[in-house]
Amino acid sequence: LFASARDDGEEALRAFGALIAAARPVYVLQVPEIVLPPGCRALRPGTGVQMLATRDLRDAAAAERAAGDIHTLGENDAADMLALAQLTRPGPFLARTHTMGRFVGVRIDGRLAAMAGERMRFAGHTEVSGVCVHPDFRGRGLARRLSTVVAAHIQERGDRPFLHAWADNRAAIGLYETLGFALRCEVRAVLLGRA
């Protein structure tokens, strides 16, 4: 779902464009200006932010876990997770995204009310991703609680949590700032498809 060219040289962009032409649309996420490969078009351009955790959230997560309503999600929850992501659009989330890392959620009256999990990883860092709350259950602090638990689990493994949000999503950015996430940089994001 995510892709990138080695550089903006003609050879790399031509090869990148050929890959996109042979596949479904892909997201490109980077700080520098995005150069469109030949034969491609920007289907959904935007600006996002990348934020890094600056505070240890392990003690806060222990208190959230003690409430007893946060559960690890798995294969049996996959259909509900996809439905929630399609409803709330937290970012790219496909049928198998839940297998990319640990996801947790809260069910209320049997319904998946909220979830959060892990996606991208690179040495020493893991992304908090898929944070979403069903509209019927907003305003209860579920996104804050689940983001805290996911970030703390990442810290317990010795990695540093990071995340992405759309730059115009002030509510999400404000929530992450209260958890101790700080802006690392703005990023350009675009969904690239065939021209």
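Reply: Start with Phe162. At 2% relative accessibility, Phe162 counts as buried, because the cut-off is under 20%. Keep in mind that this is a predicted model.

The ring of Phe162 has a partner. Its centre lies 5.4 Å from that of Phe122, and the two planes stand at 50 degrees, so the pair is tilted. Phe122 sits in strand β5 and Phe162 in strand β7, so this pair links distant parts of the chain, 40 residues apart. Phe122 has 49% relative accessibility and counts as partly exposed.

Another of them joins Phe93 and Phe103. Here the ring centres are 5.8 Å apart and the planes are at 90 degrees, so the pair is edge-to-face. Phe93 lies in the loop between α3 (78-88) and β4 (103-108), while Phe103 lies in strand β4, ten residues away. Both are buried: Phe93 has a relative accessible area of 9%, and Phe103 has 1%.

Now the strands. β7 (residues 160-166) pairs with β6 in the parallel sense, over four bridges. Phe162 is part of that pairing: within β7, this residue is the bridge partner of Glu127. On β6 (residues 125-133), eight of the nine residues are buried. β6 also pairs with β5 (residues 111-122), this time in the antiparallel sense and over six bridges. In that pairing, Arg121 stands opposite Thr126 of β6. β5 and β6 form a hairpin with two residues between the strands, and Gly124 takes a positive phi there, near 85 degrees.

Nonpolar side chains tend to be buried together in soluble globular proteins. The largest nonpolar core in this model has 32 residues. Met51, Val128, Leu142, Leu146, Tyr176 and Phe181 have the most contacts inside it. Several elements give two or more residues to this core: β2 (40-53), β4, β5, β6, α4, β7 and α5 (170-178). The largest share comes from α4, with eight residues. Setting aside residues up to four places away in sequence, Leu146 touches Ile70, Val104, Gly105, Val106, Ala114, Met115 and Ala116. Another core of ten residues lies apart from the largest one. Its members include Met81, Ala85, Phe93 and Met115. Phe93, met above in the edge-to-face pair, thus belongs to this other core.

Step back to the whole protein. Its secondary structure comes to five helices and eight strands. Along the sequence, the pattern reads α-β-β-α-β-α-β-β-β-α-β-α-β. Of the 195 residues, 46% count as buried. Among contacts with a separation of 6 or more, 73% join residues 24 or more positions apart. The Phe122 and Phe162 pair, 40 residues apart, spans such a separation.

As for overall size, the C-alpha trace spans about 55 × 35 × 30 Å along its principal axes. The radius of gyration is 18 Å; a compact globule of 195 residues would have one near 16 Å, which agrees.

Note on methods
Residues numbered from 1 in each chain as written. Predicted model: local features only at pLDDT ≥ 70, side-chain atom pairs only at ≥ 80, totals over all residues. Heavy atoms only, no water. Buried < 20%, exposed > 50% of the residue type's maximum accessible area, 1.4 Å probe, protein only. Pairing = 2+ DSSP bridges. Phe/Tyr/Trp six-rings, centres within 6.5 Å; stacked < 30°, edge-to-face > 60°. Core = buried A, V, L, I, M, F, W, Y, C linked by side-chain atoms within 4.5 Å. Contact = heavy atoms within 4.5 Å. Rg over C-alpha atoms; globule rule 2.2 N^0.38 Å.
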